[in-house]
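Trainee: Hi! Could you walk me through this structure?

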Amino acid sequence: IGPWRQLAGVGRPGFCCSDHKVEQLDAALAGKRAWLSGVRRADGDSRAGAGQVEVDRRGLVKINPLVAWTDGEVAAYEQANDIIVNPLRDQGYPSIGCRPCTSPSDDLDDPRAGRWAGSEKTECGLHL
């Protein structure tokens, strides 16, 4: 395993997500009462039931202002506001996460395709 793969936790399922994402968000939210998220229902089955305002696993208020936005509305907003998008999106990556857990996908029906390929994992843990 190369050095970047060791640092990223390859071969240690969940390491990237827990140490590099979830624990960092937990630390950033310490002492806070609420936070904003970019979760959208259109992001897949695991997010289809997301609410505009929720209480997260920490007991914090989680506000999802974009929850009802469609892909078309996101695209229109990006264009109208000259938003720079990740170039990987145009290279077959419908969902972009960390390097070892993200791969390109031809599955246009699954907006989270390419994440955690070959596993049953659907979320990193930030939005559980």
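**A strand and a loop**

Mentor: Happy to! Leaving out residues up to four places away in sequence, V53 touches V61 and K62, where contact means heavy atoms within 4.5 Å. This is a predicted model, in which local features need pLDDT of at least 70 and side-chain atom pairs count only at pLDDT 80 or more, while totals for chains, interfaces and linings use all residues. Residues are numbered from 1 along each chain as its sequence is written, and side-chain values use heavy atoms, with hydrogens and water left out.

Trainee: Does V53 count as buried or exposed?

Mentor: V53 counts as exposed because its relative accessibility is 56%. Buried means under 20% relative accessible area, exposed over 50%, and partly exposed in between, using a 1.4 Å probe and protein chains only.

Trainee: Switching topic: why does N64 count as buried?

Mentor: Because N64 has 0% relative accessibility. N64 is in the loop between β3 (61-63) and α3 (71-80).

Trainee: Which residue's side chain does N64 join in a polar contact?

Mentor: The side chain of S37, at 3.4 Å. A polar contact is a pair of N or O atoms within 3.5 Å; within protein, one must be able to donate a hydrogen and the other to accept it, and residues adjacent in sequence count only if both atoms are side-chain atoms.

How values were computed
Helices (H or I, at least four residues) and strands (E, at least two) are DSSP runs, numbered from the N terminus.
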